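The sequence and structure come first, and the packing is then taken up piece by piece.

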Amino acid sequence: MVDEGTWLRAEQQTAGRGRQGRVWNSPAGNLSASTLVAIRPDDPPAAGLALVAAVALEGAVRGVLPVATALRLKWPNDLLLDGAKLSGILLERGAAHVVVGIGVNVAHHPVLGDRATTSLRAAGATIDAATLLDQLARRFAEWLSVWRGQGMGPVAARWSERAHPVGTMLSVRLPDQTTLEGQFIGLDASGALLLGLADGARHVIHAGDVFVV
């Protein structure tokens, strides 16, 4: 078993997985890395690690972009630059641990039919994948310590600062392929998305594909 704090990086990935079983291929030059978090009895709910990873990655990427004003998080943990997908994060739970996998389009970005994509190189950044991972690992350790010591509050607050603002219209495709549209009204205590529907109802979303309308 890999010790907590260790990161594994693949030079190239040809059979990776994204959310809901999607293929995630990452050519040489992009970042494909994973780390393990050992869940302790007094840790906050493990679902919050999705936001821990998101704010850590956002901070690492923001620090290497020539202009980062258009960098935004999209629930739960996609990173968008000028509205185009820059990275993806996938968490998988084991009995007493969570594996956090992170992929970043550093040198290349794929062409996808349902969303725009970009890369750090296309945005003018000159960092390489190994150096980006060094910065990501440091920020992840810092935010993991905050999550363990102070709970979800500070993590959710940072995520909210860097994400689509309250009132943003979102379209959410749920795992059963149902689609909901409504306004983003915040996060619940676990980090789940709160969506306000047109009829006044509030829907709590724990999993789904989110699109900014």
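A crossing of two helices is called left-handed if the near helix is turned anticlockwise from the far one by less than a right angle, and right-handed if clockwise. The model is predicted, so that local features need pLDDT of at least 70 and side-chain atom pairs count only at pLDDT 80 or more, while totals for chains, interfaces and linings use all residues. Residues are numbered from 1 along each chain as its sequence is written, and side-chain values use heavy atoms, with hydrogens and water left out.

Helices (H or I, at least four residues) and strands (E, at least two) are DSSP runs, numbered from the N terminus. Axes are lines fitted to C-alpha atoms, for helices over the stretch in contact, and angles run from 0 to 180 degrees between N-to-C directions.

The crossing of helix 1 and helix 2 is right-handed, whereas that of helix 1 and helix 3 is left-handed. The table sets out both pairs.

| Pair | Axis angle | Axis distance |
|---|---|---|
| Helix 1 and helix 2 (residues 129–150) | roughly 140 degrees | within 8 Å |
| Helix 1 (residues 49–62) and helix 3 (residues 152–162) | about 50 degrees | 9 Å |

With its angle of about 50 degrees to helix 3, helix 1 is therefore oblique to helix 3, given that angles under 35 degrees count as roughly parallel, over 145 as roughly antiparallel, 65 to 115 as roughly perpendicular and the rest as oblique. On the helix 1 side this contact (heavy atoms within 4.5 Å) includes Leu51, Val52 and Arg62, and on the helix 3 side Met152, Trp159 and Arg162 are among the residues involved. By class, it has seven nonpolar, no polar and four charged residues, where Ala, Val, Leu, Ile, Met, Phe, Trp, Tyr, Cys and Pro count as nonpolar, Asp, Glu, Lys and Arg as charged, and the others, Gly among them, as polar.

The sheet is open and consists of six strands in the order 1-4-8-7-6-5, with antiparallel pairing; two strands pair if DSSP finds at least two bridges between them. Its edges are strand 1 (7–10) and strand 5 (71–74), each of which pairs on one side only. On average, and with direction ignored, neighbouring strands are turned by 20 degrees against each other. Strand 6 (residues 78–81) is joined to the antiparallel strand 7 (residues 84–93) by three bridges, and Leu81 has Ala84 of strand 7 as its bridge partner.

Helix 1 also lies across strand 4 (31–38), strand 5, strand 6, strand 7 and strand 8 (97–104), and runs at about 145 degrees to strand 7.
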